[in-house]
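Please examine the structure below together with its sequence. The briefing that follows treats aromatic pairs first, then a residue of a helix and a surface patch.

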Amino acid sequence: RFPVRVYFEDTDFSTNVYHAAYLKFFERARTEYLRAHNIHHAEMAKDGLAFAVREITVSYDRAAHIDDLLEVETRMTSATGARFLLDQVMTRDGKVITRAKVVAVLLNA
């Protein structure tokens, strides 16, 4: 679980979170998920390896707003070879805001 605070820079003119900002929140949560499992991007880069998002599907259920404190939960649903699937759920006060299904792959850079 990864906390995210919504700042002014994350919003559009209506004070709702701009749709692309959710991708940034999900990315940060994925990075922290990997870090919690002792997988560090900087260390991988030294070995010429990197993760890349191959596919992402996002469902927007509710709007998030400026100053909201959100929480992103990340779960790995499967891993095969150099590919893994993640489910991510973003909530505010226990209510689902946005969901993402992510296909990530390991690249030999």
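How many aromatic pairs does a search of the whole structure find? The search finds three, where rings of Phe, Tyr and Trp (its six-membered ring) pair if their centres lie within 6.5 Å, and planes under 30 degrees apart count as stacked, over 60 as edge-to-face and the rest as tilted. This is a predicted model, in which local features need pLDDT of at least 70 and side-chain atom pairs count only at pLDDT 80 or more, while totals for chains, interfaces and linings use all residues. Residues are numbered from 1 along each chain as its sequence is written, and side-chain values use heavy atoms, with hydrogens and water left out.

**Aromatic pairs**

- Y22 and Y60 form an edge-to-face pair, at 5.3 Å centre to centre and with 65° between the planes.
- This pair links distant parts of the chain, 38 residues apart, with Y22 in helix α1 and Y60 in strand β2; helices (H or I, at least four residues) and strands (E, at least two) are DSSP runs, numbered from the N terminus.
- Y22 is buried because its relative accessible area is 3%, whereas Y60, at 40%, counts as partly exposed; buried means under 20% relative accessible area, exposed over 50%, and partly exposed in between (1.4 Å probe, protein chains only).
- F51 and F84 also form an edge-to-face pair, at 5.0 Å centre to centre and with 90° between the planes.
- The pair joins F51 in strand β2 to F84 in strand β4 (residues 83–92), 33 residues apart.
- F51 has 23% relative accessibility and so counts as partly exposed, while F84, at 8%, counts as buried.
- Y22, F25 and Y60 form one aromatic cluster.

- R30 lies in helix α1 (residues 19–36).
- Because its relative accessibility is 9%, R30 counts as buried.
- Beyond its neighbours within four places in sequence, R30 is in contact (heavy atoms within 4.5 Å) with V53, I56, T74, L86, Q88 and V102.

- I56, one of the contacts of R30, lies in strand β2 (residues 49–60).
- I56 is partly exposed because its relative accessible area is 32%.
- L23, V53 and I56 form a nonpolar patch on the surface, with about 200 Å² of accessible area together.
- Patches are made of residues with over 30% relative accessible area and no salt bridge, with like charges joined within 9 Å and nonpolar side chains (Val, Leu, Ile, Met, Phe, Trp, Tyr) within 5 Å.
- A salt bridge is a side-chain nitrogen of Lys or Arg within 4 Å of a carboxyl oxygen of Asp or Glu.
- Accessible areas come from the Shrake-Rupley method with a 1.4 Å probe, and for residues only the protein chains shown count as cover.
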